[in-house]
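Here is a short report on one protein model. Keep the sequence and the 3D view side by side as you read.

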Amino acid sequence: MISGIYAMKRFLEIIIKFDEFGWIIKTLPKRSYMHADTPVKAKKPTKARVTVLVGCSAAGQKFKHLVIGKSPRPYCFRNINMNDLPVIYYQQQSARMTSELFRLFQSGNSNHYQG
């Protein structure tokens with residue numbers, strides 16, 4: 001009985017689900033309530049993007065979030081040690097997930113558990 005429970009727990013640890021989403025920050029709303037006579041100046045939309053990867057196993061083990069940004073060292077983290085953050089931060093010019101970044105994240109996944 002105990003060996004069956006242990007085998008089931010081990011099986012649930014193998015099933016892992018990841019999901020990623022892009023978050024476009026510093027952007028203006030596409031719609032707003034304005035008077036019809038108010039002149040509108042068209043602005044080019046910003047391309048400030050952050051991609052976040054979240055994941056967990058079927059047994060309930062959670063991974064640290066993976067955050068991908070454009071800056072190698074964001075200004076808001078200037079006085080903070082990047083290794084002390086509760087997330088893993090990677091830099092890429094397009095701020096999008098690639099197979100290379102996922103392999104890099106997956107290669108060290110044993111120490112990415114939140115415990």
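## The model

This is a predicted model: local features need pLDDT of at least 70, side-chain atom pairs count only at pLDDT 80 or more, and totals for chains, interfaces and linings use all residues. Residues are numbered from 1 along each chain as its sequence is written, and side-chain values use heavy atoms, leaving out hydrogens and water.

## The whole chain

The protein chain has two helices and four strands. Helices (H or I, at least four residues) and strands (E, at least two) are DSSP runs, numbered from the N terminus. Along the sequence the pattern reads α-β-β-β-β-α.

Of the 115 residues in the protein chain, 22% are buried. Buried means under 20% relative accessible area, exposed means over 50%, and partly exposed lies in between (1.4 Å probe, protein chains only). Contact means heavy atoms within 4.5 Å. Take the contacts between residues at least 6 apart in sequence: 56% of them join residues at least 24 apart.

## The sheet

The four strands form an open sheet in the order β1-β2-β3-β4, with mixed pairing. Because β1 (16–24) and β4 stand at the edges with a single partner strand each, one side of each has no neighbour in the sheet. On average, neighbouring strands are turned by 20° against each other, direction ignored. Axes are lines fitted to C-alpha atoms, for helices over the stretch in contact, and angles run from 0 to 180 degrees between N-to-C directions.

Two strands pair if DSSP finds at least two bridges between them. β1 and β2 run antiparallel and are joined by nine bridges. β2 (residues 49–57) and β3 are also antiparallel, with three bridges. Follow T51 across the sheet. G22 stands opposite T51 in β2, and T51 stands opposite I68 in β3. L53 stands opposite L66 in β3.

β2 is mostly covered, with seven of its nine residues buried. Helix α2 lies across β1, β2, β3 and β4, and runs at about 150° to β4.

Which residues make up the largest nonpolar core? There are nine: L53, F63, L66, I68, I88, Y90, M97, L101 and F105. β3 (66–69), β4 (88–91) and α2 (99–107) are the elements that give two or more residues to this core. A second, separate core has six residues, among them V50, V52, V67 and M82. A nonpolar core is a set of buried Ala, Val, Leu, Ile, Met, Phe, Trp, Tyr and Cys residues joined through side-chain atoms within 4.5 Å. In soluble globular proteins, nonpolar side chains tend to be buried together.

## Single residues

S57 is found in strand β2. Is S57 buried or exposed? S57 counts as buried because its relative accessibility is 5%. Leaving out residues up to four places away in sequence, S57 touches L12, E13, I15 and I16.

K47 lies in the loop between β1 and β2. With a relative accessible area of 62%, K47 is exposed. The C-alpha atoms of K47 and K26 are 8.3 Å apart, while the two residues are 21 residues apart along the chain.

Now look at C56 and C76. C56 counts as partly exposed, at 33% relative accessibility. C76 counts as exposed, at 55%. A disulfide is a pair of cysteine sulfur atoms within 2.5 Å. By this rule the count is zero disulfides.
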